[in-house]
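My notes follow in the order I checked things.

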Amino acid sequence: MSGTLFFDGNCGMCTRSRNFLLKLNRTGDLHTEPLQTPGTAERLGVADSNLMDSVRWLDTEGNVYAGAEAANAAVSVALGTRIPLMIYRIPGIRSLEEAVYRWVADHRYRFPGTTPYCESNPVAC
């Protein structure tokens with residue numbers, strides 16, 4: 001299993017999280033792109049107005065996940081184990097993780113981070 005994590009490249013916390021995931025990437029199968037990359041909404045099959053709502057995961061089979069499920073898929077690929085996704089799919093865990101994810105996503109610009117990806121790589125955004 002491999003795929004691409006699409007993250008908010010204008011968010012310092014999101015960029016820091018992306019960098020941390022890349023350090024965990026034991027398999028080399030985790031790729032990342034900012035949501036701001038031209039054509040991303042069409043590639044993911046998401047309306048432009050909803051694109052920045054959450055992190056997205058696109059696997060090699062063309063499946064698109066959003067929110068906590070996308071984050072768990074990325075961690076699973078980086079670590080080379082399906083355990084994070086299996087835990088996410090336990091009844092009750094999904095709704096808890098999604099609620100926490102939604103709160104963090106809604107407040108992401110208030111968290112400390114690093115230089116946002118799009119500031120360091122304006123050509124990619």
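I began with strand S1 (residues 3–7) and strand S3 (residues 56–59), which run antiparallel and are joined by four bridges. Two strands count as paired if DSSP finds at least two bridges between them. The model is predicted, so I note its limits: local features need pLDDT of at least 70, side-chain atom pairs count only at pLDDT 80 or more, and totals for chains, interfaces and linings use all residues. Residues are numbered from 1 along each chain as its sequence is written, and side-chain values use heavy atoms, with hydrogens and water left out.

**Sheet**

I looked up the partners along S3. Leucine 5 has tryptophan 57 as its bridge partner there, and threonine 4 stands opposite leucine 58. On to S4: leucine 58 stands opposite valine 64, and three bridges join S3 to S4 in an antiparallel arrangement. S3 and S4 make a hairpin with four residues between them, and glycine 62 in the turn has a positive phi of about 95°.

I then wrote down the whole sheet: it is open, has four strands in the order S2-S1-S3-S4, and its pairing is mixed. Strand S2 (30–34) and strand S4 (64–66) are the edges, each pairing on one side only.

Is S3 covered on one face or both? Both: Arg56 and Leu58 on one side, and Trp57 and Asp59 on the other, are all buried. Buried means under 20% relative accessible area, exposed over 50%, and partly exposed in between (1.4 Å probe, protein chains only).

**Cysteines**

I counted one disulfide, taking a disulfide as a pair of cysteine sulfur atoms within 2.5 Å. Cysteine 118 is joined to cysteine 125, S to S 2.0 Å. The torsion about this S-S bond is about -80°, so the disulfide is left-handed. Cysteine 118 is buried at 10% relative accessibility, whereas cysteine 125 is partly exposed at 30%. I also checked cysteine 11, buried at 1%, and cysteine 14, buried at 14%.

**Salt bridges**

My rule was a side-chain nitrogen of Lys or Arg within 4 Å of a carboxyl oxygen of Asp or Glu. The count came to four; I wrote up some of them.

Aspartate 8 and arginine 108 meet at 2.9 Å, N to O. Aspartate 8 lies in the loop between S1 and helix H1 (12–24), and arginine 108 in the loop between helix H5 (93–106) and helix H6 (117–120), so the pair ties together parts 100 residues apart in sequence. Both residues, aspartate 8 and arginine 108, are buried.

Glutamate 33 forms a salt bridge with arginine 43, with the closest N and O atoms 2.9 Å apart. Here strand S2 holds glutamate 33 and helix H2 (residues 40–44) holds arginine 43, so the pair ties together parts ten residues apart in sequence. Arginine 43 is partly exposed at 43%.

Within helix H5, aspartate 106 and arginine 102 are four residues apart, about one helical turn, and their side chains meet at 3.1 Å, N to O. Aspartate 106 is exposed at 51%, while arginine 102 is partly exposed at 31%.

Definitions and conventions: Helix = DSSP H or I, 4+ residues; strand = E, 2+ residues; numbered from the N terminus.
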